[in-house]
Structure formats: C-alpha cells, structure tokens
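Please have the sequence and the model open while reading.

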Amino acid sequence: MVILLVPDPLSSNVYAASAATVIKSQFNLQGIYYDKEGNLFTLEQNYKNNVSMIFYNHDGYRELLLKDTDIGHQGFGVSTLEHNSAWYILTGMKKSGLHILLYKLKNKNKPIKYRIKLFPDSFTPGNETMPALSDDGRFIFARGRSKDGQMFIRAFDTPNTYSVLKDINNIDLSDNYLYQWPISSRIASNAIGSLQPLQAIASNGHDVALMFGNARLTPKVIYFYTVNGELKRIDTRVTPGIEDAMVFSQQNFYEPEGLSYQKNRLKILITYAKGINKRNVIYNYIK
C-alpha cells in the first residue's frame, strides 16, 4: 500500500525552540533527513496499523509523501532528480538485512517501487540495512552483518544505483559497492557492557557519522569515518538535550532516533518521554 502527496490531516507541526527544532506528531519518529537544499523529512511509524511513513516538513506544516507497510524501522533519504520532476525516496526494507527499497514518485502517478539487494546471501538476512543518503546525494550507505555476527558498512554510488532503475523491480547491486569496512563488536557496548545499538547513519559526502546509544539517560557515541572507512575520531560524550530530558522525562527515557547533516552541520533527533507522551527534538551536534 503506497500513498503519494497527501496533506497531513493531523495537528502535527514543526517549530523552532531556540537552537532546537520540535516535531509534534502522534506517531513514533524513527529518523530525520535534510536534503541539499536544507528541507527536512521525517521517518515515522504508526504501530497501530504497522505502517511507516515519510513526511515533508516545511513552513510549520507537514505533508505525507509516502506510506507503506514494507518500509523498514530505520534509515532513509530523499532526493529529486530529472529537473525536480520526480522524488526518489530510499528506505530500509522491513525484516531484510540484505535489501533496501527505492520509490520513484512522479506527479500524481502511482509510485514505482524497487527492491535493491545490497548484500550477498553470505550475509545474514535478519536485522535491517538502515540505509542513509549523503546530504549531497552522491553516496548511499548501508549496514549489513555477516552470518558470524560481524557488522559492515558499505558505500554505494547513488547515480550508478539510479541508473539501473529500468523495467526491473528486483535489482542486485551486492557486487557493485564502492567501499566496505567492518565495525568492531566493542562499539556496540559501552564501558559497563550495556548494549549500545546502531541508531543512525549520516553523511555530508565527506564524513560518515555512525551514532550508537540506548534509551537510558546516558551519553551517546558517534564514530566519524571517511567515506572509504578510515576512522577519523570518536565522540563518547554526545549529550544534546540531556538536560531537557532530565526535566521532562519521568522514566529517564533519552533515545537517539535520527542523525542527518544540514548544509554541513550535524543534527541529532532525540526522543524523551513523560508517561505516554513523547517529545521529539532535533538538536545541533556540538563537538
């Protein structure tokens, strides 16, 4: 089920609060993406009917671009090609550790949906690929796992990926990656051994940021790499909005949900909770 360009009928909106951007939504936010013009898109999930949605957020309003039950839990990107005549929306594929989905949305026509294989059968089909599009549109990054549990990041050339979108809806690019590098299993745990899952990937076309963290009221971690996998630095004290969470959250719930570059400035989506109410805030990353 796919729906294109439907005005959001809800009271959800977006507004700036000092250096932060608050996103009000009745759905669960799972990711953010800023395109090269600085437009903000969000990945959101409605757990009641098991559907994921992509919203375009602009001028205090929100527009539903796409919803589909096949969209994965985390990771997406949005770009325009063909003289801005078409949208391309990249997402993970639900319950697939090998594939991504790519939707071509043009005018009011029914979206074309492609399933693209990025990892070979020697990788585990579980988990999800968490794809990310660099904000300049040049690269696609995705996470895969070998069957012995080793995590890898792969980088793909975006124009090459789009060039194969012909009449074939199932595409295999698992041998066509530019770069691949392993992620140490130690990264997924903090100093006391608590699980620190990978929450988001972001890139400005030069650096690749991988954000790890759980929902506890503790600092998160970002690893910064070059696009070919060279580790540049590690920030183990990522705490945007932690003071707000201390005041607002009764459950000490402080989870990093999204990461994206906006015109070369890194932004982090943090969710914290008070009872059944959640607050979704985008903060500037500060070194």
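Not counting residues up to four places away in sequence, Thr-158 touches Leu-133, Gly-137, Arg-138, Phe-139 and Ile-140, where contact means heavy atoms within 4.5 Å. Thr-158 is found in helix H1, which covers residues 158-163. Thr-158 counts as buried because its relative accessibility is 2%; buried means under 20% relative accessible area, exposed over 50%, and partly exposed in between, with a 1.4 Å probe and protein chains only. Thr-158 and Ser-134 are 24 residues apart in sequence, and their C-alpha atoms are 9.2 Å apart in space.

The model is predicted: local features need pLDDT of at least 70, side-chain atom pairs count only at pLDDT 80 or more, and totals for chains, interfaces and linings use all residues. Residues are numbered from 1 along each chain as its sequence is written, and side-chain values use heavy atoms, with hydrogens and water left out.

**The chain as a whole**

The chain has 2 helices and 23 strands. Helices (H or I, at least four residues) and strands (E, at least two) are DSSP runs, numbered from the N terminus. Of the 287 residues of the chain, 55% count as buried. Among contacts between residues at least 6 apart in sequence, 49% join residues at least 24 apart.

**The sheet of S12, S13, S14 and S16**

An open sheet is formed by 4 strands in the order S12-S13-S14-S16, with antiparallel pairing. Its edge strands are S12 (132-133) and S16 (179-183), each of which pairs on one side only. Two strands pair if DSSP finds at least two bridges between them. In strand S13 (residues 139-145), 6 of the 7 residues are buried.

A hairpin with 5 residues between its strands is formed by S12 and S13, and Gly-137 in the turn has a positive phi of about 80 degrees. Another hairpin, formed by S13 and S14, also has 5 residues between the strands. In that turn, Gly-149 has a positive phi of about 95 degrees.

**The strands around S19**

Strand S19 (residues 220-226) is mostly covered, with 7 of its 7 residues buried. Lys-220, Ile-222, Phe-224 and Thr-226 point one way from S19, while Val-221, Tyr-223 and Tyr-225 point the other way. S19 runs antiparallel to strand S18 (residues 207-212) and also to strand S20 (residues 231-238). The hairpin of S19 and S20 has 4 residues between the strands, and there Gly-229 takes a positive phi near 95 degrees.

| Strand pair | Bridges | Opposite residues |
|---|---|---|
| S13 and S14 | 7 bridges | Arg-143 and Ile-153 |
| S14 and S16 | 5 bridges | Phe-152 and Pro-182 |
| S18 and S19 | 6 bridges | Ala-209 and Phe-224 |
| S19 and S20 | 5 bridges | Tyr-225 and Leu-231 |

**Ser-203**

Ser-203 lies in strand S17 (residues 198-203). Ser-203 counts as buried because its relative accessibility is 3%. Its side chain reaches the backbone nitrogen of Gly-205 at 3.0 Å. Leaving aside neighbours within four places in sequence, Ser-203 is in contact with Leu-133, Ser-134, Asp-135, Phe-141, Val-208, Val-227 and Tyr-261. Leu-133 is also among the residues that Thr-158 touches.

**Nonpolar cores**

In soluble globular proteins, nonpolar side chains tend to be buried together. A nonpolar core is a set of buried Ala, Val, Leu, Ile, Met, Phe, Trp, Tyr and Cys residues joined through side-chain atoms within 4.5 Å. The largest nonpolar core has 35 residues, of which Ile-54, Ile-89, Leu-102, Ile-116, Leu-118 and Leu-165 touch the most other members. A second, separate core of 22 residues includes Met-211, Ile-242, Tyr-272 and Val-281. Leaving aside neighbours within four places in sequence, Ile-54 is in contact with residues including Leu-43, Leu-64, Leu-66, Phe-76, Val-78 and Ile-89.

Definitions and conventions:
Polar contact = N/O pair within 3.5 Å; in protein donor to acceptor, adjacent residues only side chain to side chain.
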